[in-house]
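Reader: I would like to go through this model feature by feature. Please give the general idea each time, then the case at hand.

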Amino acid sequence: MLLRSSNIRGDDVHQILTRRASTALLTVLAVVGGVLAGSPAQAADPPSLTSVTVAPTTVAAPGTAQVTYTAEGPPVALADAVFVDDRGVQHKVVLTPGSTGAGTLTVPTGTETSTWRLGSVRLRSEPDLITKVCGTFWALRVSDCTVTRDLSAGDVTVRGMTPEYDAPQLASVTVSPAAPLVVGPERQANLAWTLRSPAPDLAYVSARFTNRSTGQVGVILDSRDPVALAAGRFGGWVAGGTPNGLYDLTSFMLCDKSFNCAEYHPDGSVTLARGARTPTGAQPTFSGTFDVNSDPPVLTSIRLAAPTVLVGKPVVVSYAVQNRQATLDGVRLLYTYQGDGLRDVEVRRLDAPRTGTISQVMDRIGLYHLDSIVVHNGYTPALEYRSDGTVVNLRFNQVVGTHQFDLRSLDIRVIPKPPKLTARAWARGARIDFNPGMDDDIGNITGYEMVAEPGHHVSRVTGINLYTAYVKGLTAGTKYTVKVTSLSAAGPGPATTFTVTPMLTSNVVGIGDLNRDRHGDLVALRRDWTHTFGYWGNGKGGFSGGVRNIADVVPGTRILPAGDLTGDGQPDLIAEHVGRLELYQGTNGGFLTDPTIASTGWSSMRFITGGGDFSGDGRADVLGVTPTGVLNLYAGNGRGKVATGRQIGSGWQTMTSVFMTADFNGDRTRDILAVDQAGVLWLYPGNGKGGFRGVRSKVGTGWNTLGSVGPLGDFTGDGKADVVGITMAVSSGFMPVTAPGACMPGA
């Protein structure tokens, strides 16, 4: 068998010197075999070639010659002729079928000057009867001739390019990845070479590798790819089943398009083929050893550092893999997320050592069930350790063994982090505003649980995307420690702890005669809606008509009666909102919706109260208690503003409610009422000059059981100041409790 221009093979070059003797022997054996086997008694005769002509017999490239044949016997169904040039390359001509037929021999541009000898003419008839007439020279090289005769009359002299016999000259060749890196069924070996001079007609390269232990050629890599040949590099796969071990590059062959081939060896020797001339120049350099390994990686141990982690924090997995090479392509744990049931979560490490850890941040709260573990060394098929105990070759999706790892022990529980929140005292409780961050996964938080001590008061809210919650049922004036935990399908997270001392609110207050019917009215703020409602008094301790929304836009965190702070004869309303004292000017039956700023810097005030003239200058004033218990008087200017505060008392930080009231003791000056932590209601008589007259007196007890306490003015129509208290026993609305003079809640 000879090299063909369309399919050059390395074996042709290595075995060309032995082929002639072997083919001659095969011809003799075939003839003897035919004699011994005998012939069928009535076998049909194949077609017989009676003549073959070629014209012209001299062709200049590019050009053509016409090949014509005649035949006898059964009809010819297929016919062809083969010409062989001086380099042994075959050129086939397809002939038309019939008792006579013809075909065209094409000599393309770039063909070398040579004699194209007619090697054979083959005729085929049905059913599969073949006559192959071979020229005498060709019958010595092939074994399937049925007739031998002199066909030299059909030889063609081709006039073309001058033949060139210089083989490509190798300068160097290298192989990668070099040992200790490993190649195998999943990783290519790469060859790169340089030439001493350009060889644009390079057509074929072949490399042979010998197993260092056995001395046998175990790997042959070759390429005919024009792109790879032009680049001087290509990659080849090591066949599956190749024995493990070190392989050395023992020969590297280069062939050009003229079939000049040279096979180079590390010792400097060169084997030539096809008449190529011996290359000149220095001995080429060889760098070519790689390690073949077909053994897959074996997982030997794996465990979680902790099965429960906080969202936004890393889960840590330690593992060990038995592998010939120190580095793995990757270790992957494939999880199903219980939230959507999809196998869509990977905990992985790429370019991993044989023994190490995987650390990966978990950004979704929930339960993760481990389905499988995949280990891959990059040069053998990846192995998947599945939860059913099987080990699967992923390249072929075949079960190749079993394992004893308990994958359920590697399930992950991702729970919420301690909630980020701000808390403040509320009516007999606390209000909590949650401030989740981007990494808190609030969408998978299903609620919150709040536990207040002492008393083990438990409050729970459930739902998605909650931002506000309330702790209820606490006692005003008592200091509580509250633990707040986030709830989820994966369980609760760790708690955030804060302390709070609930206060009595003053969000239900007497406002004065707002609707101009000569009876005192009531204003209440519903904080969760930030709406202000008006309740018209009937002058007898009750109400006339229903509730009215009188200021939809009041966004204050607390409200207080301002008295006539603007000096227009109408009662006004003050709301403290983000540190601003906002004044809502009273109108007939309501308030203007666009507030003005009376003052700023009030967000830290423990209490704020107003409602009338406390300084005796005829203008409504405002009082405030600082976090340290200092009581300040902020004198009004009669035009909706207040002056800088001046201290008129101290020690008020122990109170749970402080508010200005009308003349409570009958001395015609405004007074202050306060509730202490024990629930005692104290009267602080005003002196009409911005201070106090005499000592305080106890006017009631048990006021810490209420949710809100505030001034009411003369709500009963008896000419005496009243106080309103809101119980916490009714889920909607409120229950006013009026108490002229000395009083008890509910009196």
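Reader: How many disulfides does the structure hold?

Author: A disulfide is a pair of cysteine sulfur atoms within 2.5 Å. The structure holds two. This is a predicted model, in which local features need pLDDT of at least 70, side-chain atom pairs count only at pLDDT 80 or more, and totals for chains, interfaces and linings use all residues. Residues are numbered from 1 along each chain as its sequence is written, and side-chain values use heavy atoms, with hydrogens and water left out.

Reader: Is cysteine 134 buried or exposed, and what about cysteine 145?

Author: Buried means under 20% relative accessible area, exposed over 50%, and partly exposed in between (1.4 Å probe, protein chains only). Cysteine 134 is buried at 0%, whereas cysteine 145 is partly exposed at 22%. In the other pair, cysteine 255 is buried at 0% and cysteine 261 is buried at 1%.

Reader: Which residue class has seven members in the lining of the largest cavity?

Author: The nonpolar class (Ala, Val, Leu, Ile, Met, Phe, Trp, Tyr, Cys and Pro), where Asp, Glu, Lys and Arg count as charged and the others, Gly among them, as polar. The lining has seven nonpolar, two polar and three charged residues.
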